[in-house]
Amino acid sequence: MTEQRLAVKNRVGKYKSFFSNVGSFLDKPGFRTLLPLTGLIVMIVIFAHLTDMRIIQTRSINLILSQVYVLMIACTGVFMVMTIGGLDFSQGSILGVSSIVISYLSFYSIPLAIVAGIATGAFIGAFNGLFHVVFTIPSFIVTICSMFLFRGICAYLTTDAPVAAVTGITAYHSTWINISLTLSVLLISFLIYQFTRLGITLKAIGAGETAARFSGIRTKKTKFLVFMAAGAITGFAAFLNVAKVGSITATSGSQLEAQILIALVLGGMPIMGGAKVRFSNIIVGALMFAILHNGLVMVGLDSAQQQLIKGIVFVLVVALTIDRRQLLVIK
Amino acid sequence: MREIVLQAENVSKSFGITKAVNNVSLSFEKGEIRGLIGENGSGKSTFVSMLAGIHPRSEGRFILEGKELKVRNQVEANRRGVAIIVQETGTLPAITVADNIFLGNEDQFVTFGIKKTGAMNRAASLLLEKYGFDHINASSMIDLYSFEDRKLIEIVKATYFNPKIVIIDETTTALSQKGREELYKHMLRIKNEGNTVIFISHDLSEVLEHTDSISVLRDGELIDTVKSSEATEDDLKRLMVGRELKKHYYRTDYGQPVSDEVVLSVEDLSVPGEIDGISFELHKGEILGFGGLSNCGMHEVGKAIFAASFDRNGYVKLADGTTINSVPGAINNSIAYASKDRDNESLVSSASIRDNICLPSLSELADKGIIRAKKMNKFAQKNADVVSIKMTGIDQFVSDLSGGNKQRVVLARWLGKDSDIIVLDSPTRGIDVKVKADIYEMMSELKDKGKSIIMISEEIQELLGMSDRIIIMKKGKISGEFMRDETVGEEDLIGKMV
């Protein structure tokens, strides 16, 4: 009896050490950056094979890209949130509410609508930041609350009919506008992240908040601003969303938060944030997610099977890459 | 010579690159009380943790009564007859006394998967009565009892099943005289029952009085085992510290005047529940020591000067009248603070040495808001070299470093910032002799450059050896002040502490 139990324990121990061994292997310098990129290439090769090269034809690439823009922009904001060790589940609702605001205002002026979308996102982000920082509630709880709260507002505003934007707005849904806007957001964020004190500050907060505070970083202010910025960036992405879909329904943008989380983790982002994050996690991750999503569709799996496979991939990636030495509670 | 019950053969333990225990071979006799002594970080606690299954061994083996002892946790160790009373709290909160005593061994009270709480409580009551701890009620929540009572409960927990080896790891510091007497009584009882006690303590007179023989560890290595009846405290001290202490360790100058120039004045500084109405002045080029018992509030003084305390009242003023009200304010006004809690407060452990050195100096490193990696690397490398950090490179994570090297990183970041007022809380805690000497030397150099240092320390020798002036605290208030003088001794300071 006890021997049996011991045997089971040993076997479990073996699996555990397998995963942590892979984890320590990942800590080799450069490996953490290279692995996601390799994953991306492997994924492209697999789907190219499974779909008889259809996935790398222009039409498919355009389709995949059209799904990447909003995700990639929103990932940029959440990247900062996750770097400081937080999580943001309210992103989908932010996209929804901001899209509705943009649709309303698009009848008056497009620039005004864009600014209002950003402001709406910033407002919701500030709401998250306020509750997280001032009332010291873990960010995943605060943002789950605001996910429901603002999804409720979305549903209320779309009770009678979807909110339609001005018809001309779809003219902004062109590949070139989308690509240039997405690249601008990425480039500006990258420059700020890499060449100002922001990057090192955020990493320090993620790796050890108390020590960061004792190093003279204004941690509360920074955390508040990060949540606000994440909201504002998604508020900007809402414009691309409105231009793409034209009218907003109650569920518009729902599950964006999960897509962002999966994309960033696929891209190699440590789920605890901290010093090992790389800006490239955003780009590689968002592309991987879109290719996985479309590849599964093109292979001909139904949506239940797609979800199942996505779930398995996500769990495996987290199990392989998570840093067990510093498993702390997510802020 | 009595029968050998336990043997350690070439036991070693490494944490990263640090060898905490290095090739220790020891044998323990049946029915003896063995003292285990050594400075902080000498490997005593690590050695017994391996024996009790808390840490896995890196190398070597233990042999208990002729059979190899291979245990992976404390419960397994208990089954083989090895028990430990740990330094920290070894009881779990929010469960009853009885639950704590039988933790991991509840099986004896379980029938068909159902735990018989009544039977367990009765068994625990009997044990408590047998040990003479009648005032403890077995069915009460453990939270109702004081720290000392919980230690007594731990004694029951660790010894009721008549283990062959009982390890007592620095338990007496937490106990009052009465509690200590209880512990000694039970050590003697265990010995008389033919079992072995391994007793770790910093109190040398206590060790000499209550043990049969004493093993001394230094820097993870076994130095010697001596008979308690034939050794003196001085012998033990010499074995613990080694020859190095004889050289220049502390400052040797006496009677040199300190400048009259006041660089920092603290007025009526209070933190609720920690410190109450602390006022003092710090002079240019002065090393001001703060001493007291560990919970006297002195550690909070450092934090409060740095404006890192929660709910602080009173003033911290610079010579020009600037008041310090925030951590960034303190740093920008040339105040540095190295916390006692090195891993959580002084350093971002899971970040690189470079980031840690650069963090407080980011505003100097930025050129119109732009920070270049090249400049950061250069800055970090330069300051890391000044304090000679042993590392593979500035990209190495701080969490991989030994305690002494971590402290070097802390010093590097504040030397880089070129702060004028440096608050060091327990600067040599858990650090080996070599790094200690380096830190003392660095402090003297800083003093000569006209920097002012506040050194908060629990080590009386260090306070006496390094300070120009010593302030002693007791229960959150200043209870005494001593100027640097050869005639001031340990007893004078202790007299003001308790």
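Trainee: At what angle do helix H3 and helix H10 of chain A pack?

Mentor: This is a predicted model, in which local features need pLDDT of at least 70 and side-chain atom pairs count only at 80 or more, while totals for chains, interfaces and linings use all residues. Residues are numbered from 1 along each chain as its sequence is written, with chains lettered from A and ligands numbered from 1 in the order written. Helices here are DSSP runs (H or I, at least four residues; strands are E, at least two) numbered from the N terminus. H3(A), residues 58-83, and H10(A), residues 219-245, have axes 7 Å apart and pack at about 175°.

Trainee: Is H3(A) roughly parallel or antiparallel to H10(A)?

Mentor: The angle, about 175°, is taken between N-to-C directions on a scale from 0 to 180 degrees, using lines fitted to C-alpha atoms over the stretch in contact. Angles under 35 count as roughly parallel, over 145 as roughly antiparallel, 65 to 115 as roughly perpendicular and the rest as oblique, so H3(A) is roughly antiparallel.

Trainee: How many nonpolar residues does the contact of H3(A) with H10(A) hold?

Mentor: Contact requires C-beta atoms, placed from the backbone, within 7 Å, and the residues meeting here include Tyr69(A) and Ile73(A) of H3(A), with Phe227(A) and Leu240(A) of H10(A). Besides 5 polar and 1 charged, the nonpolar residues number 15.

Trainee: How many residues does chain B bring to its contact with chain A?

Mentor: On the side of chain B, helices H10 (327-332), H11 (342-346) and H12 (353-358) each supply at least two residues. Chain A contributes 19 residues, and chain B contributes 24.

Terms used
Two residues are in contact if their C-beta atoms, placed from the backbone, lie within 7 Å. Ala, Val, Leu, Ile, Met, Phe, Trp, Tyr, Cys and Pro count as nonpolar, Asp, Glu, Lys and Arg as charged, and the others, Gly among them, as polar.
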